[in-house]
Amino acid sequence: MNKKNIILIGMPGSGKSTCGVIAAKVLLKNFFDTDLLLQGLEQSRLQELIDYKGREYFFSAEENAILSLKLEATVIATGGSVIYSKKAMEHLKELGKVIYLHLSYEKMLGRINDLTTRGIVVKNGSSLLDMYNERIPLYKKYADVTINCDNNTVEETVAHIVNSVDGENR
């Protein structure tokens, strides 16, 4: 088994966690969700962190959680806002291959059920569309591979993830 990590980045609803678990099984790797790590470290749901401690605290806590990672042979699903931290993204790029699961704004809206509990960081006075447009260039900047997930089933996205690492002995 190759010890290289696969790091999934993308918008909320893009399938990072769902596809990451399945890809990990196919690739014979472990699976790790950084949102769950952050919740465990903070003993709080993501949305509660944002609502009660604020965006800056959330970003700092997320960055610290990412910087604590020392994983091998793992598919890592990240929170959608991880790309706001240059330090966190540099650390993740050192850990492995970064795959951006791209989703159109319309598809993202269709996949997100409840914005008030999801743990999505949006600047005060900004819309979800503003957040989307702000993040897209950052995802592209850090991605080693981009997979367009708009019309994919979970299985198709997993197949693209697997194919993007197949030539590297997984």
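The model is predicted, so local features need pLDDT of at least 70 and side-chain atom pairs count only at pLDDT 80 or more, while totals for chains, interfaces and linings use all residues. Residues are numbered from 1 along each chain as its sequence is written, and side-chain values use heavy atoms, with hydrogens and water left out.

**Sheet**

Five strands make up an open sheet with parallel pairing, in the order β2-β3-β1-β4-β5. Strands (E, at least two residues) and helices (H or I, at least four) are DSSP runs, numbered from the N terminus. Two strands pair if DSSP finds at least two bridges between them. At the edges are β2 (30–33) and β5 (145–148), each of which pairs on one side only. From one strand to the next, the twist averages 20°. Strand β1 (residues 5–10) pairs with strand β4 (residues 96–102) in the parallel sense over six bridges; N5 has G96 of β4 as its bridge partner.

**Helices on the sheet**

Helix α5 (residues 86–95) packs on the sheet and touches β1 and β4, and its direction makes about 115° with that of β4. Helix α2 lies across β2 and β3 and runs at about 55° to β2. Contact means heavy atoms within 4.5 Å. Axes are lines fitted to C-alpha atoms, for helices over the stretch in contact, and angles run from 0 to 180 degrees between N-to-C directions.

**Helix α2 against helix α3**

The axes of α2 (residues 34–42) and α3 (residues 46–53) come within 9 Å and cross at roughly 55°. The two helices are therefore oblique to each other; angles under 35 degrees count as roughly parallel, over 145 as roughly antiparallel, 65 to 115 as roughly perpendicular and the rest as oblique. D35, L38, Q39 and E42 of α2 make the contact with L46, L49 and K53 of α3.

**Positive phi**

Most residues other than glycine have a negative phi. Two non-glycine residues with a positive phi are tabulated here.
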